Amino acid sequence: MAGYSNDHIASLVRPDQVHRDVYEDPDLFDLEMDRIFGRSWVYVGHESQVPEPGDFFCTRVGLQPVVMSRHSDGTVYVVYNRCAHRGVKVVNEECGNVGRFMCMYHGWTYDTNGDLDFVTQSEGYPDLEFDKLEHGMGRVARWESHHGFVFANLSPDGPGLREWLGENSDFLDDVAVSAPDGEVEVTGGVHRYLYHGNWKMQVENLIDMYHPAYSHESSSAKGGQQFSRREGDKGGIQFFEKRGKVKSMDGLGTHALPNGHTWQGGLPPVENMSEDHRAYVALLEEKHGPNRTREILIKKRHNVIFYPNMAMQELNPHIRVIRPLAVDRTEIFIYPVKLKGAPEKMFRDQLINLNRTHSPTSLVQTDDVEAFTRAQEGMMTSGNEWVLLARTGPQESLESGRIRTTGTSEEGMRNHYRAWLEYMCADRPE
Ligand SMILES: [Fe+2]
């Protein structure tokens with residue numbers, strides 16, 4: 001790994017520009033895996049993906065393979081996916097249910113909390129006293145959940161999950177309360193795709209309301225409005241005024257929070273006439289009364305980014321996980337979120353709409369992925385080494401530490417880079 005000084009790293013980020021190296025330099029990518037993904041809370045998965053004892057789900061924190069599992073005592077654990085013997089990845093399936101994990105190389109087995117269970121032909125280690133934890137798969141330093149959303153942190157230092165989430169924890173509260181049963185489930189499968197571009201491009205795109213009219217022009221209909229994203233909605237986002245003039249998204253607002261988190265204001269409400277929506281509203285009213293239900297139905301935010309690797313959308317609820325693979329290669333996972341207790345058909349319609357907007361071949365994702373690929377290529381040129389993030393608008397700083405500004409401002413991206421610098425330049429214990 002290149003020995004970049006803090007001064008060098010700091011020189012790559014200016015108040016309104018970033019150097020192309022942050023997208024192109026493999027050594028910086030390695031540092032990011034160590035200093036951002038190795039120090040921040042990173043989204044792992046949802047507890048509902050491992051409902052029963054023995055259930056497991058494999059993912060990565062940065063480049064490091066981990067397993068989220070439900071142990072026999074009902075507790076969820078996050079452990080490294082590595083055999084204590086010769087380093088082999090123990091769990092190879094992406095998800096499933098087991099009594100215990102077994103390494104395929106020499107047959108060592110582990111409990112579903114990662115503790116060492118059994119060493120084959122252990123008489124060959126007369127001088128070694130095996131310890132369940134020390135010779136286990138190894139627990140990550142910390143993991144915590146909020147409404148079942150599990151985040152892990154490979155570092156024992158730094159804020160707890162709730163403090164790190166800040167106002168994003170209110171968003172998870174809002175998502176949970178919008179389910180008639182007060183909780184959500186991640187049980188609708190996954191869309192998965194890869195693009196040839198840096199992971200930060202996807203993060204930045206999720207707070208970019210400047211691009212839709214241009215990148216996604218082909219997904220808008222005659223009146224300049226995009227197709228609806230939810231069953232029963234009369235229409236989607238208005239990209240253009242009737243005469244073809246671009247409609248600014250500034251009114252939506254951009255919100256920049258501490259720790260790199262960002263969100264956009266919710267899309268303007270659209271009347272929803274579907275029978276299922278009415279049934280859903282009736283269920284909420286039964287539980288919360290009409291006034292609180294009206295509040296719950298107002299979607300205050302559109303894309304909510306949990307920096308560095310997760311984003312959620314509430315209108316058609318889904319989780320997007322951003323998995324960096326290399327400096328120029330990123331994998332994306334889209335998980336539909338089910339509102340427990342809502343009419344079953346509503347979830348099916350949600351899936352159909354998500355296929356249209358978020359599948360690898362959808363009318364929208366393909367545009368974004370093309371932009372990421374072209375950006376990765378365009379930035380190879382040496383003629384201009386800087387990327388411009390200078391777009392701005394009137395903004396105010398709120399007491400909570402949140403900055404509120406216009407929808408097409410690039411303040412969200414500048415906020416990502418403030419967090420990026422904090423992680424990347426923080427003093428390292430020797
Ligand atoms: Fe887009």
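Mentor: Let's start with a term: two strands count as paired when DSSP finds at least two bridges between them. Strands themselves are DSSP runs of E with at least two residues, helices are runs of H or I with at least four, and both are numbered from the N terminus. Please keep in mind that this is a predicted model, where local features need pLDDT of at least 70, side-chain atom pairs count only at pLDDT 80 or more, and totals for chains, interfaces and linings use all residues. Residue numbers begin at 1 along each chain as its sequence is written.

Trainee: How many bridges join strand S19 to S20?

Mentor: Strand S19 (residues 318-326) and S20 are joined by eight bridges and run antiparallel. The two form a hairpin, with two residues between them. Valine 321 has phenylalanine 333 in S20 as its bridge partner.

Trainee: Which strand pairs with strand S14?

Mentor: Strand S14 (residues 191-195) pairs with strand S20 (residues 329-336) in the antiparallel sense, over five bridges. Phenylalanine 333 in S20 stands opposite arginine 192. Across the protein chain, the secondary structure comes to 11 helices and 24 strands.

Trainee: What radius of gyration does the protein chain have?

Mentor: The radius of gyration is taken over C-alpha atoms, and the globule rule is 2.2 Å times the number of residues to the power 0.38. A compact globule of 430 residues would come out near 22 Å, so the 23 Å of the protein chain agrees with the rule. Along its principal axes, the C-alpha trace spans about 80 × 60 × 40 Å.

Trainee: Into which domains is the chain divided?

Mentor: Domain bounds come from an automatic or database domain assignment. Here they give domain 1 (42-146) and domain 2 (162-425). Their centres, taken over C-alpha atoms, are 33 Å apart. Residues are in contact when their C-beta atoms, placed from the backbone, lie within 7 Å. Eight residues from domain 1 and 13 residues from domain 2 take part in the contact between them. On the domain 1 side, strand S3 (residues 42-46) supplies the largest share, three residues.

Trainee: Is isoleucine 298 buried or exposed?

Mentor: Count C-beta atoms, placed from the backbone: 20 or more others within 10 Å means buried, 12 or fewer means exposed, and anything in between is partly exposed. Isoleucine 298 counts as exposed because it has 9 C-beta neighbours inside 10 Å. This residue sits in the loop between helix H8 (275-297) and strand S17 (301-306). Leaving aside residues up to four places away in sequence, isoleucine 298 touches Gly266 and Pro269. Over the whole protein chain, 40% of the 430 residues count as buried.

Trainee: Which residues touch the most other members of the largest nonpolar core?

Mentor: The general idea is that nonpolar side chains tend to be buried together in soluble globular proteins. A nonpolar core is a set of buried Ala, Val, Leu, Ile, Met, Phe, Trp, Tyr and Cys residues joined through C-beta atoms within 7 Å. In the largest one, of 81 residues, Val44, Val66, Met68, Val78 and Ala152 touch the most other members. Helix H11 (residues 411-425) gives the most to this core, six residues. Domain 1 and domain 2 each contribute at least three residues to this core. Valine 66 has contacts that include Val44, Val78, Val140 and Ala152. Apart from this core lies another, of five residues, including Ile237, Phe239, Leu267 and Leu315.

How values were computed: Two residues are in contact if their C-beta atoms, placed from the backbone, lie within 7 Å.
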